[in-house]
Amino acid sequence: MNDFFIRDASIIDVSFIVETIIEAEKSGTEIFTYKTIFGLSENEAKIYIKQMLEEEVNGCELSVSSFKLAVSNNKIIAATAAWVEGSEGLPSAILKGNLLNYILPKNCIDQAKGLSSVMHDVNIEHKNNTIQLGLVYVSKEFRRKGLVKILIDNHIKSLKQNYKHIDQIYVQVFGNNIAAIKAYKKVGFSIIQTKKSSKKEILNLLPFNEKILMKREI
């Protein structure tokens, strides 16, 4: 398809980005981690995610600057979030954690800390000096039109302009998200690591008990 263009996201796009993050968190299921882990309603989560995005902390997925958008007929139809891990001097996990601690109520953080041991088994750390693809989202009516590859390639090209030494891009996906895994394989990603938890309670917290790490050479 060619009736669209790609642009950097800005703060005026925050509502679409919030919805995109929520869909990515659910990973095709009804499990919403901001609810199961932090004890928030979806409406509360929208408010807090918006506030975190407005802080504009670069170098993680909760930053407007990490997003690129595909636009058709003045309507946003797709998005990618990607960043260079460690480019801000700190791991993205710390940057995201600081944002969560700063924005979310203390009782939400305390609840999440109490559940951290359950989720530890599927945690995969981001590799420094690599591009991390946080999410790809395409509106339903525009899927299967090649947008995933176009968006990812465009985002890589943009990041490579400032980080020419980067030659790897990684993405993490839950093992039950078969459609996403197939889509990533189609655009050059390969599975390099799988982490699975045998803890039954994890399925009440996350969309699945298996996390897959995929890699693509640039």
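## K68 and its surroundings

Leaving aside neighbours within four places in sequence, K68 is in contact (heavy atoms within 4.5 Å) with I6, R7, D8, A9, A78, A79, T80, L151, N154, H155 and S158. K68 belongs to strand β2, strands being DSSP runs of E with at least two residues and helices runs of H or I with at least four, numbered from the N terminus. Because its relative accessibility is 8%, K68 counts as buried, a class that means under 20% relative accessible area with a 1.4 Å probe and protein chains only.

The side chains of K68 and D8 make a polar contact at 2.4 Å, that is, a pair of N or O atoms within 3.5 Å, of which one must be able to donate a hydrogen and the other to accept it, while residues adjacent in sequence count only if both atoms are side-chain atoms. Their C-alpha atoms lie 4.5 Å apart, although 60 residues separate K68 and D8 in sequence.

## Basis of the model

The model is predicted, with local features needing pLDDT of at least 70 and side-chain atom pairs pLDDT 80 or more, whereas totals for chains, interfaces and linings use all residues. Residues are numbered from 1 along each chain as its sequence is written, and side-chain values use heavy atoms, leaving out hydrogens and water.

## T36 in helix α2

T36, found in helix α2 (residues 33-36), counts as buried because its relative accessibility is 19%. A polar atom of the T36 side chain lies 2.7 Å from the backbone oxygen of L205, and, beyond neighbours within four places in sequence, T36 is in contact with I31, Q111, L115, N204 and L205.

How values were computed: Buried < 20%, exposed > 50% of the residue type's maximum accessible area, 1.4 Å probe, protein only.
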